[in-house]
Amino acid sequence: MTSPSPEVQVPLTGIWLSAEPIQTPIDTLVIDMLASNLASRALREAELEELRRGVKLADVALEYLGLRTISVDGDGDPPLRVVASDSPRDSWRDALVLPEGDRPIGILINTADAGPLVLVHEVFDRFTEPEKELVRRYAALAIRGEPHEAIVAALRTGVGEAGLTKGLRAMRRSVRLLDPTVLFSPDGATRVQLGSLSRTTKDILREGLQGDYLFILPASLFEGRTNYADIEFLVYLNFFLRQQARTRIAGTSRQWHVLHRLLTLTLFGLFDPAAPETPSFEKLAETYGVGSRETYHFLRTAHELYAARHDGSPGSPLLGVDAYVDFFTLDGEATVIPLPSAEVRVAPSGRGFDVRIAQPDGRSSEKKLEVGTPPRLLRPIPAELREAIQFASDRPRFGVTPLGTSHGFDASGDFTSFIIWVNGKGILVDPSSEALAYLDQIGVAPADVLYVFLTHVHADHDGGLVEKLVSGSPTRVIASDPVFRAFVEKARLLTGRDFEGERLVTHISANPGNRVRIEVAADYAELETRWNLHPIPTNGFKLTFGGRTFGYSGDTQYDPATLEDLRRRGMLAEAHFQDLMYFFWTPDGKPTVDLLYHEAGIPPIHTDKEALRALTDAITSKMSLVHIADGEVPRGFAPSKPRLFATQVLLPTTPRSRRRVLLGAMRHVAYLYDMSSTTLETLLHGAEIVTNFPDEVIIRKGPVAPGEPMHFQIVADGRVSVRDGRRVITTLSRGDTFGEWGIGQQRGFRAADVVADRPTQAIRLSEEQYHWLVGKHPVIQERVNKMRGLLPRLQLAQERARLKAALEPGARSVIEHMTASQLSGFAIFSLVKEFKQGHHVFVEKDKADGCYVLLSGHLAVGTEGRFTSELSEGDVFGEMGLLEGATREASVTVVSADAEVLFMSTQSFQHLLHTMPAFAGGIWETAAGRRELIRRRP
């Protein structure tokens, strides 16, 4: 056994349990592992470089990575150091169990004393000897600098294609034992999983379609922001790719009722094959907003065209949900479920289940399955593509950025989703969970996503929208009436919540035949929709702005021969035929759009890409293929796929549009809410637009040198934190300001550091401009003084509200999640009131006219003369009166010598919402949380 000398250096790389091309470089995992010891991204990247160059001693390197050595495998050359994590969060374990991940079993680093080190995760010890040998051979080639593709080829030559596939599959199965939601039988033929995520189908496709699967539904189908009942694509996978195999699911009888309705909605749309009779037009018009008999017949034709039938012949009965799912009821203490390959015993245990798999040969495996926060695979976004759109002022006046371009049966790609930019603001189309994460990774502020367009309610198109609403983000949804009402029903089934009733979702109706004007940053875009040929109600659309038009086909079957046949047989009305054939181009082959995203998924319910290639060059030159895997589009094929994250510009940004966006950011400033456009434009004209990078110190705490210029800054995009040493005092985002207090009150000393947390764009104004502003508008200084006096006390109240919410889930406060800008607005529009001992702040049954924050003193709460609770400094009370009016449910009385409260009247609150629309973000979901708490009380 030999070890490379310390002078030898190898590329920083990984050892992967995958024969496919690697999606995520090992750098991403190493950076994540360093986070537990290095909070700064810049320091983590510096440490990564040292691991690459071999500067650190081996033990120090492991300490930084949060690892400890548990053994050394010396049976190969080089030796493998088996390590375990010492970090509270095991990033390496998360990467190994990540659905559709690359499974990095090893990491190669360089050290100053031991030379190149091969670190392998402790799960390596569970591998059989032949499996370990594959890892050793991989390491030997990797340490010589061979790339992954060459190593896979060499391993394949050594053990054969079947041997490599078998070995990798067995090792990945062992790795999955680290996943608390999965259990395999000893022979690997049976897999039991608690819940199903959006990525589960992709993971199964990578592992190979074989063996028996059983999915157990957890007690809560939707927990946190995660859907654990995302079983639509599992059902499609088994039924259509495994010769009509039924998906085995276990849960309670109530869950089966919910699941049955959910699958009916997503498999069949508005029609249930198992229903005793087909719903009438009048019924669907009332329930789902189907607008005409012609639309009713079109939707019914699409449903019957694609639905599976008993014997496959056109006239035989349609198959219902029971033909797709084999459901096992778990209403007892323990349930034994017989499968072809094994017997599975399932018993409830706390928030999970005790599961035992017994094979016919007597061998068994058992484990407690529990749900947890699932790791998520995100692709790295090239810097130049991220920087093009991270700031609103740099985004195109009209353009499109693809955030995913594949479909649910692609083991490697992300679901198709994209964002349309109009005046720097976004319309997010068919959001996936990954699309939301990519927008955050890019740095797009949630407030910049003004609308979501929903084409239909299949899980690969609406999963991110459910997550967005569950997180409490108010959303305006553009959709046809049937699609929107189906979504509201689906969301209620999954989460138990009525997002429309909670005012978290606002519907903008976009029915075919009615053009819709969409307001975006004081301009208007025009939207036109059509009905698509798909199993459930689905729409395509065209969006026109500034004389340019973008089109999206949505999921549909574009097949001229099929469409002609349906029209000839009287099954397709002329208007629908024309829309399906010529919505994006004319009959003579001329495009009516400047850019078209056209789906090219798996036929027959999607469009064959060959049908699109047959179109004229004039059309295909404007077209990009989406909803198709990269590997399904040959090199040189036209039309091609758009590059992921690369923004396609229809109208570029201009100095005027950039200025307009920056003025919009200035209007978010709490104390500038009523300033005239002339005042703001004058300030902007003399301002400097600056960009700060993560961890860059913008203002340093301490004395100001004589003659040193001072500035106040408005955050236009990004996020900064105000820090006192390591303690974060507050974080600032768009519309927040800093520096003005130092100019107005503390000339000569800066009280804190201001540091960029992520790429940040700021409008930097001079001391002279500040004095000009307050001289012209003295009320500005009054507002700033009021904010500075009240903000620390409001931040204390906010911290108490967060602690209370952590101890009492559902006890949410109106200020709990307020940004610094929202707290400033709250301070400006509030009134400080003083009360003496024994005085009532308000009395039970009084009309509720606002809410209160207790700044000092002690209060008692009582109902019907009985003491029920007490309030202390920092507590917020009376919010439901602020949000919903009605009458007080209790009396609040001062029991200390005196008390000081901050009062926000309902009238001031409404005025604040009207004059500062950004203030509304996060408010209505508080009311929703309170309603939910009240609803659940016994």
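This is a predicted model: local features need pLDDT of at least 70, side-chain atom pairs count only at pLDDT 80 or more; totals for chains, interfaces and linings use all residues.

Modeller: Residues are numbered from 1 along each chain as its sequence is written, and side-chain values use heavy atoms, with hydrogens and water left out.

Colleague: What makes strand β20 largely enclosed by the rest of the structure?

Modeller: Buried means under 20% relative accessible area, against over 50% for exposed and partly exposed in between (1.4 Å probe, protein chains only). Five of the five residues of β20 (449-453) are buried, so the strand is largely enclosed. Strands are DSSP runs of E with at least two residues, and helices are runs of H or I with at least four, numbered from the N terminus.

Colleague: How do you know that β19 and β20 pair?

Modeller: Two strands pair if DSSP finds at least two bridges between them. Four bridges join β19 (residues 425-429) to β20, and the two run parallel; G426 stands opposite V449.

Colleague: Why is the crossover from β19 to β20 called right-handed?

Modeller: The term applies if, with the strands pointing away from the viewer, the path from the first strand over the helix to the second runs clockwise. The chain passes from β19 through helix α13 (residues 433-442) to β20, and this β-α-β crossover is right-handed.

Colleague: What joins β20 to β21?

Modeller: Two bridges join β20 to β21 (residues 475-479), in parallel, with V452 opposite V477. Helix α14 (residues 459-470) lies on the path from β20 to β21, again a right-handed β-α-β crossover.

Colleague: What makes β6 and β12 edge strands?

Modeller: The open sheet has five strands in the order β6-β7-β8-β11-β12, with mixed pairing. β6 (182-184) and β12 (325-329) each have a single partner strand, so one side of each is left without a neighbour in the sheet.

Colleague: Which strands does helix α7 touch, and what is its direction relative to β7?

Modeller: Contact means heavy atoms within 4.5 Å. Axes are lines fitted to C-alpha atoms, for helices over the stretch in contact, and angles run from 0 to 180 degrees between N-to-C directions. Helix α7 (residues 200-207) packs on the sheet, touching β7 and β8, and its direction makes about 160° with that of β7.
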